[in-house]
Amino acid sequence: MNGVINIYKEKGYTSHDVVAKLRGILKQKKIGHTGTLDPDAEGVLPVCLGNATKLCDILTDKNKTYEAVLLLGVETDTEDISGTIINQRKVTVSNEEVEKVIYSFIGTYNQIPPMYSALKVNGKKLYELAREGIVIERKPREVEIFHIEILEINLPRVRFTVSCSKGTYIRTLCKDIGEALGCGGCMEQLLRRKVSVFTLENAYTLSQVEQLKKEDNIDTIITSVPDLFPNYRKIVMKEDYNRFLYNGNPFFPFNTQSSQIIGQEDVLVYDSNQVFLGIYRWDEKKKQYAPVKMFLEGR
């Protein structure tokens, strides 16, 4: 099976657990997830099957939307409620102050990744160091908060949705909001609502996937690679150039059935028989399209 299944990751599972269970359900080894969700978090987790595992890095880079609950007045070592409480303070801020501070995070800001994260330093994951009681200095990384909507303020809790760039830690955003308010804070709940074209509304639990597999209807929930890129233009090759593409070669516009197609964006490339081959990108210097990802079976 090749393509992507939109899994609803339930609480208690790690992203690795989801992949392991899917391997058993689908009887297929080549499976990979597209971005870690903490065990206590839930929601959208696109999982790639077969040759679609080549897309894991692309989908990991996509913008994401979350729904979170911020608990003010409580600070933990993991920056979420599952960690050890290291400080508690009285919450005296008003709803208006909370709104003002939260909305001030819209835009770019430098975020320091949490110690309890899968980022590697000198080949070792930060959370492994943290479990050994080792805290090291982390360099701040620029992240972007595209949109925030406050859904409910019931102090000391604030529920909000946030759309953000790759690499953004919502736990850390909650901590930073708490610090800006002067009372501290941590993330109490997290629900991932959207990754690329995948939304909460069309996500399936592992038990639902297992049932569909038993009913031989699993194909109905697998999204093909081309369907993941609805805004990419489709390019079809001339028959006499098929064999060159099968070997992963670049091509010129005159090798296609529409020789006027030239652009800066990535495109979906098919052979003359309408078989999807891969994603290509225009090389302005060489005036040709070069492969970014190839999906031809056997490659």
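**A tour of pockets, core and strands**

Begin by selecting helix H1 (15–26), strand E4 (64–72), helix H4 (126–131), helix H5 (170–181) and strand E12 (185–195), each of which supplies at least two residues of the lining of the largest pocket. Helices (H or I, at least four residues) and strands (E, at least two) are DSSP runs, numbered from the N terminus. The model is predicted, so local features need pLDDT of at least 70 and side-chain atom pairs count only at pLDDT 80 or more, while totals for chains, interfaces and linings use all residues. Residues are numbered from 1 along each chain as its sequence is written, and side-chain values use heavy atoms, with hydrogens and water left out.

**The largest pocket**

A pocket is an open set of points on a 1 Å grid over the protein atoms alone, where a 1.4 Å probe fits, with protein on both sides within 12 Å along at least five of seven lines; lining residues have an atom within 4 Å of a point. Next select Thr36, Leu37, Asp38, Ala118 and Tyr169, the closest to the pocket centre of its 37 lining residues. Strand E12 gives the most to this lining, with three residues. By class, the lining has 12 nonpolar, 14 polar and 11 charged residues; here Ala, Val, Leu, Ile, Met, Phe, Trp, Tyr, Cys and Pro count as nonpolar, Asp, Glu, Lys and Arg as charged, and the others, Gly among them, as polar.

**The second largest pocket**

Move to strand E5 (74–76) and H5, each of which supplies at least two residues of the lining of the second largest pocket. This pocket holds about 190 Å³ of space. Its lining residues include Glu75, Asp77, Arg138, Lys175 and Glu179, and the lining has four nonpolar, two polar and six charged residues.

**The nonpolar core**

Now select Val158, Phe160, Val162 and Ile170, which touch the most other members of the largest nonpolar core, a set of 29 residues. Such a core joins buried (under 20% relative accessible area, 1.4 Å probe, protein chains only) Ala, Val, Leu, Ile, Met, Phe, Trp, Tyr and Cys residues through side-chain atoms within 4.5 Å.

**Strand E11 and its partners**

Finish at strand E11 (157–164), where six of the eight residues are buried. Eight bridges join E11 to E4 in the antiparallel sense, with Arg159 as the bridge partner of Val69. E10 also pairs with E11, antiparallel and over eight bridges; strands pair if DSSP finds at least two bridges between them. In this pairing, select Ile145 and its bridge partner Cys164. E10 and E11 form a hairpin with two residues between them.

Technical notes:
Points joined across faces, edges and corners; volume = space filled by probe spheres on them. Buried < 20%, exposed > 50% of the residue type's maximum accessible area, 1.4 Å probe, protein only.
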